[in-house]
Amino acid sequence: MPTDTSDAKRHYEITKQRVQTELKEQQRTALIKKKSYRMINAIALLFDRYFLDPVIGLFFPGFGDVLSGVLVIPFIYFSLVHVRSVQLTVAVVYNVMKDVLIGCIPFFVGDVIDAFHKSYSANMELIDGYINNDAEIIRKVNRKAVVSAIFIVLAMAAVYFMIKLTILMWEKLFALF
């Protein structure tokens with residue numbers, strides 16, 4: 001038979017859980033209302049859904065990759081300052097480094113592949129997963145954090161060499177004329 005003490009403890013736990021849920025919802029709403037969230041959402045929409053990233057890379061080779069590197073800054077800012085997750089930030093940088101590396105593949109092949117690799121949308125999915133406390137996304141990001149950090153270092157080296165290779169190939173091509 002339940003006692004008054006056990007009823008009080010149960011009521012306390014239910015109230016505590018309700019307050020925590022309401023607090024998380026208030027935090028989520030506050031994050032979504034931030035200008036930086038709206039900015040990264042707009043970047044993801046323009047550059048992935050409307051294919052602005054590969055189109056820029058197609059018409060201005062190399063510039064699209066530089067722009068991708070610059071446009072990741074709001075994503076990094078939001079994940080570090082507002083979400084406060086180093087693992088999420090590493091995952092965001094990992095996705096963009098992959099995008100830049102793909103975009104560096106010469107002769108427009110990278111731009112075609114880039115149209116199908118939607119790094120900004122992937123980053124929005126990760127950020128939204130953290131904001132909405134999606135356990136699966138958080139677990140996935142945490143599991144891949146170390147591997148992603150290693151990949152980032154290797155990708156930075158690969159991007160450097162791909163840029164050097166692209167410059168060399170363009171120089172050889174222009175030398176023919």
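## Salt bridges, patches and rings

Glu 25 and Arg 28 sit three residues apart in helix α1, about one turn of the helix. This is a predicted model, in which local features need pLDDT of at least 70 and side-chain atom pairs count only at pLDDT 80 or more, while totals for chains, interfaces and linings use all residues. Residues are numbered from 1 along each chain as its sequence is written, and side-chain values use heavy atoms, with hydrogens and water left out. Helices (H or I, at least four residues) and strands (E, at least two) are DSSP runs, numbered from the N terminus.

The side chains of Glu 25 and Arg 28 form a salt bridge, with 3.1 Å from N to O. The term stands for a side-chain nitrogen of Lys or Arg within 4 Å of a carboxyl oxygen of Asp or Glu. How many salt bridges does this rule give? The count is two. Asp 7 and Arg 10 are also joined by a salt bridge, again at 3.1 Å from N to O. Asp 7 and Arg 10 are separated by about one helical turn, because they are three residues apart in helix α1 (residues 4-32).

The table gives the values.

| Residue | Relative accessible area | Class |
|---|---|---|
| Asp 7 | 33% | partly exposed |
| Arg 10 | 47% | partly exposed |
| Glu 25 | 39% | partly exposed |
| Arg 28 | 23% | partly exposed |

### Two surface patches

Patches are made of residues with over 30% relative accessible area and no salt bridge; like charges are joined within 9 Å, and nonpolar side chains (Val, Leu, Ile, Met, Phe, Trp, Tyr) within 5 Å. Accessible areas come from the Shrake-Rupley method with a 1.4 Å probe, and for residues only the protein chains shown count as cover.

Which residues build the nonpolar patch? Phe 51, Val 55, Leu 58, Phe 59, Phe 60, Phe 63 and Phe 108 do, with about 690 Å² of accessible area together. Helix α3 (residues 52-59) contributes the most, with three residues. Phe 60 belongs to the loop between α3 and α4 (63-71), and Phe 60 counts as exposed because its relative accessibility is 52%.

The other patch carries positive charge: Arg 139, Lys 140, Arg 143 and Lys 144 gather there on the surface. Lys and Arg count as positive and Asp and Glu as negative, with His and the chain ends not counted; the place of a charge is NZ of Lys, CZ of Arg, CG of Asp or CD of Glu. Arg 143 lies in helix α9 (residues 135-175) and is exposed, at 60% relative accessible area.

Is Asp 114 buried or exposed? Asp 114, in helix α7 (residues 109-116), is buried, at 3% relative accessibility. Ile 113 and Ile 138 are 25 residues apart in sequence and 27 Å apart from C-alpha to C-alpha.

### Rings

Finally, the structure has seven aromatic pairs. Rings of Phe, Tyr and Trp (its six-membered ring) pair if their centres lie within 6.5 Å; planes under 30 degrees apart count as stacked, over 60 as edge-to-face and the rest as tilted. Phe 47, Phe 75 and Tyr 120 are linked into a cluster by ring pairs.

Note on methods
Buried < 20%, exposed > 50% of the residue type's maximum accessible area, 1.4 Å probe, protein only.
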